[in-house]
Amino acid sequence: MMENNTALKYLNPDWYKTPEGELIVQQLYCPNNNKILKHFGILEHPSIAPGTQEVVFKIGVLGKAGSGKTKTISVLSGKPTVFPGYIETIGIHVKNIYWPAQVQAKTCLFKLQFWESGESCSKRYNYISTACLEKTDAVAIVVNRADRTSLDYADSKLDSLTHSVVMLFVMDTDQNVQIHDQELSQYARRRRLPFFYLPPHTLDLKYLAPFYNSLCDFVFSNQHKIISDSL
């Protein structure tokens, strides 16, 4: 299990609270509303100090139809979690999300590229799934605690995935819980998978920061290991 406040291996968990960290984090928010994360277009970029290293990770997001892949990405981009109902993604949905951090005393800007696609389109056009998972640094499978079949999907998908870095994004629910904490912990141990609970309050930095610090540290640690092993 990966708690969002677990001790980090490379990132300084409290750096975002320092004057330098606060200054950069504020660049991620809308200028007229410091509670809403800014949407950065393809050609846009946060204003950061020259020489700040940018670390780019591509994360493929998988999950059964209706499990909440698009909602997950919206939650992580800081949008309010209000959805009128299920609407399947057409084609490929890509969202760039930035998060600054201090890695081994060096300031870095993580650029997380989340890729997901609708199930119907993926079945109809094989190249869509290939594009989403090609050259990914990690794969996240969405598990919705209100839908047991989302865990069954994850179980079947894990047997066919060849990626070395895989994790679960767990979406909590106010509805009838079908997947309980103990079962989820046992499953993660059996499959040797980390899992991340999505932040409960997307507009509150005290929830978003620990999540992103843990996620970036996990992916960075695994990529650092892959690079080291290849040397």
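User: Let's start with a detail: in E6, which residue is the bridge partner of Val61?

Analyst: The partner of Val61 in E6 is Ala140. Before going on, note that this is a predicted model, in which local features need pLDDT of at least 70, side-chain atom pairs count only at pLDDT 80 or more, and totals for chains, interfaces and linings use all residues. Residues are numbered from 1 along each chain as its sequence is written, and side-chain values use heavy atoms, with hydrogens and water left out.

User: How should I read strand pairing, and in which sense do E3 and E6 pair?

Analyst: Strands of a sheet pair through backbone hydrogen bonds, either parallel or antiparallel. Two strands count as paired if DSSP finds at least two bridges between them. Strand E3 (residues 53-62) and strand E6 (residues 138-144) pair in the parallel sense over 4 bridges. Besides the Val61 bridge to Ala140, Ile59 has Ala138 as its bridge partner in E6. E3 also pairs with E5 in the parallel sense, over 8 bridges, and there Val55 stands opposite Phe110.

User: What is the strand order of the whole sheet?

Analyst: The open sheet has 6 strands in the order E4-E5-E3-E6-E7-E8, with mixed pairing. Strand E4 (92-103) and strand E8 (195-197) stand at the edges; each has a single partner strand, so one side of each lacks a neighbour in the sheet. On average, neighbouring strands of this sheet are turned by 30° against each other, direction ignored. Axes here are lines fitted to C-alpha atoms, for helices over the stretch in contact, and angles run from 0 to 180 degrees between N-to-C directions.

User: Which helix packs on this sheet?

Analyst: Helix H2 (residues 69-76) does, touching E3, E4, strand E5 (106-117), E6 and strand E7 (166-171). The direction of H2 makes about 160° with that of E5. Contact means heavy atoms within 4.5 Å. Across the protein, of the contacts between residues at least 6 apart in sequence, 73% join residues at least 24 apart.

User: How is burial judged, and how many residues of E3 are buried?

Analyst: Buried means under 20% relative accessible area, exposed over 50%, and partly exposed in between (1.4 Å probe, protein chains only). In E3, 7 of the 10 residues are buried, so the strand is largely enclosed by the rest of the structure. Of the protein's 231 residues, 49% count as buried.

User: And for a helix, which residues of H4 are buried?

Analyst: As a general idea, an α-helix has 3.6 residues a turn, so residues three or four places apart point the same way. In helix H4 (residues 126-133), the buried residues are Ile128, Cys132 and Leu133. Viewed down the axis of H4, they fall within an arc of 120°, so they line one face of the helix. That arc is taken from the directions from the helix axis to the C-beta atoms. Asn126 and Tyr127, on the other side of H4, are exposed.

User: Cysteines make me think of disulfides. How many does the structure hold?

Analyst: The count is 0, where a disulfide is a pair of cysteine sulfur atoms within 2.5 Å. Cys132 is buried, with a relative accessible area of 4%, and Cys216 is buried at 1%.

User: Which residue with a positive phi follows H4?

Analyst: Most residues other than glycine have a negative phi, and most peptide bonds are trans. Lys135 follows H4 with a positive phi near 55°. This residue lies in the loop between H4 and E6 and is exposed, with a relative accessible area of 74%. Ala105, in the loop between E4 and E5, has a positive phi near 70°. Ala105 is exposed too, at 70%.

User: Last topic: how many aromatic pairs are there?

Analyst: There are 13. Rings of Phe, Tyr and Trp (its six-membered ring) pair if their centres lie within 6.5 Å; planes under 30 degrees apart count as stacked, over 60 as edge-to-face and the rest as tilted. The ring centres of Tyr16 and Trp99 are 6.3 Å apart and the planes stand at 55°, so this pair is tilted. Tyr16 lies in the segment before H1 and Trp99 in strand E4, 83 residues apart. Both belong to one aromatic cluster, whose members include Phe114, Phe169 and Phe218.

Key
Helix = DSSP H or I, 4+ residues; strand = E, 2+ residues; numbered from the N terminus.
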